[in-house]
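Student: I would like to learn how to read a model feature by feature. Could we take helix packing, then charged pairs, then backbone angles?

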Amino acid sequence: MLDNRANGFTDAELLEHLPALRRFARRFHNSANDVDDLVQETVARAIAHSGHFQRGTHLRSWLFTIMRNTFCTKFKISKREEVGGVDDSARWASSPPSQDWEVRGHELEKAITALPERYRAVVDLVLIQGLSYERAAERCNVAIGTIKSRISRARERLSVALDEE
């Protein structure tokens, strides 16, 4: 075994923390293989950066920090990577038909246009433009309860109109 005393800690000190590292790694992964990989990566980084370790600080805390940072880095990278196989390529090559949604969109547009003006105005402000009930009430110069009831009635009418078609 190599002696890392010049670097701040010995291999024996590092090895005595392996069980704690394994327990800590289980918080991040369920798979034994993933736990082993994380522990190995942590130890490798600790040895590579052992010159940064300052004697007198807690080696275990330093190792846990390295493990947490390693996990977070790999997690961020994995979120950016797309994992795919043969089955996934078939899904990418085709997409569901969009005609159904276009037809439903036209039906919804027609149903909104058929609403009485007081309902159509609040649907536009709240559901389409995304204003809060309070802002829509200010714009329409009515109470918030009026906006809420008009939205409710507009939704009911739209539901009936779209279900009939």
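**Reading the features in turn**

Tutor: In this predicted model, the axes of α2 and α4 come within 11 Å of each other and cross at roughly 35°, and the crossing in which α2 passes α4 is right-handed. On the α2 side the contact is made by A20, L21, F24 and A25, and on the α4 side by R60, L63, F64, M67 and R68.

Student: How many residues of the contact of α2 with α4 are nonpolar, polar or charged?

Tutor: The residues of that contact divide into seven nonpolar and two charged, with no polar ones.

Student: Let us turn to charged pairs, then. How many salt bridges does a search of the whole structure find?

Tutor: A salt bridge is read from the distance between a side-chain nitrogen of Lys or Arg and a carboxyl oxygen of Asp or Glu, with a cut-off of 4 Å. The search finds five in the whole structure, and one of them joins R55 to E13, whose closest N and O atoms are 3.1 Å apart. Since R55 lies in the loop between α3 (32-48) and α4 (59-80), whereas E13 belongs to helix α1 (residues 11-16), the pair ties together parts that are 42 residues apart in sequence.

Student: Which parts of the structure does the salt bridge between R22 and D36 tie together?

Tutor: The side chains of R22 and D36 meet at 2.2 Å, N to O. R22 lies in helix α2 (residues 18-25) and D36 in helix α3, so this pair ties together parts that are 14 residues apart in sequence. R22 is partly exposed, with a relative accessible area of 28%, and D36 is also partly exposed, at 36%.

Student: How should I read the pair of E41 and R45, which are both in helix α3?

Tutor: These two residues form a salt bridge whose closest N and O atoms are 2.9 Å apart, and, because they are four residues apart in helix α3, E41 and R45 are separated by about one helical turn. Both partners are partly exposed, E41 with a relative accessible area of 26% and R45 with one of 30%.

Student: Which residues does R157 contact, leaving aside its neighbours within four places in sequence?

Tutor: R157, which is placed in helix α9 and is partly exposed at 42% relative accessibility, is in contact with L115, P116 and Y119. Its C-alpha is also 9.1 Å from that of I112, although R157 and I112 are 45 residues apart in sequence.

Student: Where is N141, and what is its phi?

Tutor: The general idea is that most residues other than glycine have a negative phi. In this model N141, in the loop between α8 (133-140) and α9 (144-164), has a positive phi near 60° although it is not a glycine. At 70% relative accessibility, N141 counts as exposed.

Note on methods. Residues are numbered from 1 along each chain as its sequence is written. This is a predicted model: local features need pLDDT of at least 70, side-chain atom pairs count only at pLDDT 80 or more; totals for chains, interfaces and linings use all residues. Side-chain values use heavy atoms; hydrogens and water are left out. Helices (H or I, at least four residues) and strands (E, at least two) are DSSP runs, numbered from the N terminus. Buried means under 20% relative accessible area, exposed over 50%, partly exposed in between (1.4 Å probe, protein chains only). Contact means heavy atoms within 4.5 Å. Axes are lines fitted to C-alpha atoms, for helices over the stretch in contact, and angles run from 0 to 180 degrees between N-to-C directions. A crossing is left-handed if the near helix is turned anticlockwise from the far one by less than a right angle, and right-handed if clockwise. Ala, Val, Leu, Ile, Met, Phe, Trp, Tyr, Cys and Pro count as nonpolar, Asp, Glu, Lys and Arg as charged, and the others, Gly among them, as polar.
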